[in-house]
Amino acid sequence: MNDYDAMYRDGTAPWEIGRPQSAFDLDVDGPRVLDLGCGTGELALELARRGHEVTGVDISAVAIERARAKAATEELAVDFVTGDATRLDLGEFDALFDSGLLHNLHRHGGADDYLALLPRLAAPGAILQIVAISASSGEGWGLTEDYLRAAFTEPLWTDTSVGGITVTATVGDLPGLLMRTIRKP
């Protein structure tokens, strides 16, 4: 069992708020959508309700079991996969969402492998949205706008924007960042 499995079992995962982060723009084009670090699937399920063909990936088998149970209850077809988001081979997607995964990988290692993998998961013209805790949160970790802008540049990415948002967590609201970019066609 990994630490994330334990957090899901004992209910201490602070990112599990029972809904997607409100900063995301869920009106995306294209059928294939990937939810990276999907947890128990709230974002993936909402995207499936909107008619997308969704894959959700999380390293926690406990979270994936719960996500599958939620999907079954609503009779939603979502492909939930237990896996390491730094080593995925799932094909290309039209839209990708990351709700807190990059800032955790940056904190604990693996961010470089993840950033190198993202262009292979994004179809040309795909939109990538990332919600991350801001370094300004004072938690001693988080990402900066400069970090996000430097990670998503030409020739692979275009039209990158980063703005301040509020991230909702069970421990309270935290300052965050929303990054949007497009995989260069």
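Predicted model: local features only at pLDDT ≥ 70, side-chain atom pairs only at ≥ 80, totals over all residues.
The model contains an open sheet of 7 strands with mixed pairing, in the order β3-β2-β1-β4-β5-β7-β6. The edge positions are held by β3 (78-82) and β6 (157-167); each has a single partner strand, so one side of each is left without a neighbour in the sheet. On average, and with direction ignored, neighbouring strands are turned by 15 degrees against each other. Strands β5 (residues 122-133) and β7 (residues 174-183) run antiparallel and are joined by 7 bridges. Ile-133 has Gly-176 of β7 as its bridge partner.

Two helices that pack on the sheet are α2 and α3. Helix α2 (residues 42-49) touches β1 (32-36), β2 (53-58), β3 and β4 (93-99), and its direction makes about 160 degrees with that of β3. Helix α3 (residues 61-74) touches β2 and β3, with an angle of about 165 degrees between its direction and that of β3.

An unreviewed UniProt entry places the feature "domain: Methyltransferase" at residues 33-108. Over this range the chain is 39% helix and 29% strand, and the end C-alpha atoms lie 26 Å apart.

The largest pocket holds about 1,100 Å³ of space. It is lined by 48 residues, of which Tyr-4, Trp-15, Gly-100, Leu-101 and Asn-104 are the closest to its centre. At least two lining residues come from each of α1 (3-10), α2, β2, α4 (101-108) and β5; α4 gives the most, with 6 residues. The lining comprises 21 nonpolar, 16 polar and 11 charged residues.

Key
Residues numbered from 1 in each chain as written. Heavy atoms only, no water. Pairing = 2+ DSSP bridges. Helix = DSSP H or I, 4+ residues; strand = E, 2+ residues; numbered from the N terminus. Axes fitted to C-alpha atoms, helices over the stretch in contact; angles between N-to-C directions. Contact = heavy atoms within 4.5 Å. UniProt positions renumbered as here; feature names shortened; annotations may be inferred. 1 Å grid on protein atoms, 1.4 Å probe; cavity = no way out; pocket = protein on both sides within 12 Å on 5 of 7 lines; lining within 4 Å. Points joined across faces, edges and corners; volume = space filled by probe spheres on them. Nonpolar A, V, L, I, M, F, W, Y, C, P; charged D, E, K, R; others polar.
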